[in-house]
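Subject: Structure for you to look at

Hello,

Here is the structure I said I would pass on. Please open it first; my notes follow below.

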Amino acid sequence: MAIVRLKALGREWVHEVSLGVSLLEAAEECGAPEGSACGGVCGCSTCHVYVMQGAELLSPAEENEEDIMDKAFDVRMSSRLGCQARVVKEGEVVVEITRESLDAFYNEHPDEIDPREAGSTA
Ligand code: FES
């Protein structure tokens with residue numbers, strides 16, 4: 001087992017996962033707001049996250065992930081696609097959900113209140 005901590009919007013979601021689970025699957029299981037416009041098939045970049053800790057516990061990025069990452073916004077050394085990065089070793093992985101991914105999540109889930117917009121119409 002491993003622990004995945006997902007950070008966004010000043011909050012943190014902590015989830016215990018079995019080895020082989022992707023960061024996106026971990027986010028979906030614990031209700032963290034990570035986008036997944038293509039359904040997790042490496043066809044978009046809306047599951048873009050920054051890996052703050054535990055990158056060595058993840059499956060390495062393959063060529064198709066790197067190709068998609070070329071189209072993502074604000075790509076950093078720590079960038080991964082959540083649907084492609086799988087936890088393959090025990091330990092703790094800490095990720096920050098990118099703004100790109102948050103935007104996609106709230107577009108995909110109009111019933112969810114985007115805390116960044118809450119109160120902005122007052
Ligand atoms: S959900 Fe589309 S690339 Fe990950």
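In which sense do strand S1 and S2 pair, and over how many bridges? Strand S1 (residues 2-8) pairs with S2 in the antiparallel sense, over seven bridges.

Some ground rules. This is a predicted model, in which local features need pLDDT of at least 70 and side-chain atom pairs count only at pLDDT 80 or more, while totals for chains, interfaces and linings use all residues. Residues are numbered from 1 along each chain as its sequence is written. Helices (H or I, at least four residues) and strands (E, at least two) are DSSP runs, numbered from the N terminus. Two strands pair if DSSP finds at least two bridges between them.

The sheet

Five strands form an open sheet with mixed pairing, in the order S2-S1-S5-S3-S4. Strand S2 (11-17) and strand S4 (79-81) are at the edges with a single partner strand each, so one side of each has no neighbour in the sheet. On average, neighbouring strands of this sheet are turned by 35° against each other, direction ignored. (Axes are lines fitted to C-alpha atoms, for helices over the stretch in contact; angles run from 0 to 180 degrees between N-to-C directions.)

S3 and S4 run antiparallel and are joined by three bridges, with His48 opposite Leu81 in S4. S3 also pairs with S5 in the antiparallel sense, over four bridges; here Val49 stands opposite Ile97 in S5.

The helices

Helix H1 (residues 23-30) lies across S1, S2, strand S3 (48-53) and strand S5 (92-97), at about 110° to S2. Helix H3 (residues 99-108) lies across S1, S3 and S5, at about 135° to S3.

Which residues of H3 are buried? They are Ser101, Leu102, Ala104 and Phe105. They cover an arc of only 165° around the axis, which puts them on the same side of H3. (The arc is that of the directions from the helix axis to the C-beta atoms. Buried means 20 or more other C-beta atoms within 10 Å of the residue's own, placed from the backbone.) The buried residues of H3 pack against S1, S3 and S5.

Regards

Definitions and conventions:
Two residues are in contact if their C-beta atoms, placed from the backbone, lie within 7 Å. A residue is buried if 20 or more other C-beta atoms lie within 10 Å of its own, exposed if 12 or fewer, and partly exposed in between; C-beta atoms are placed from the backbone.
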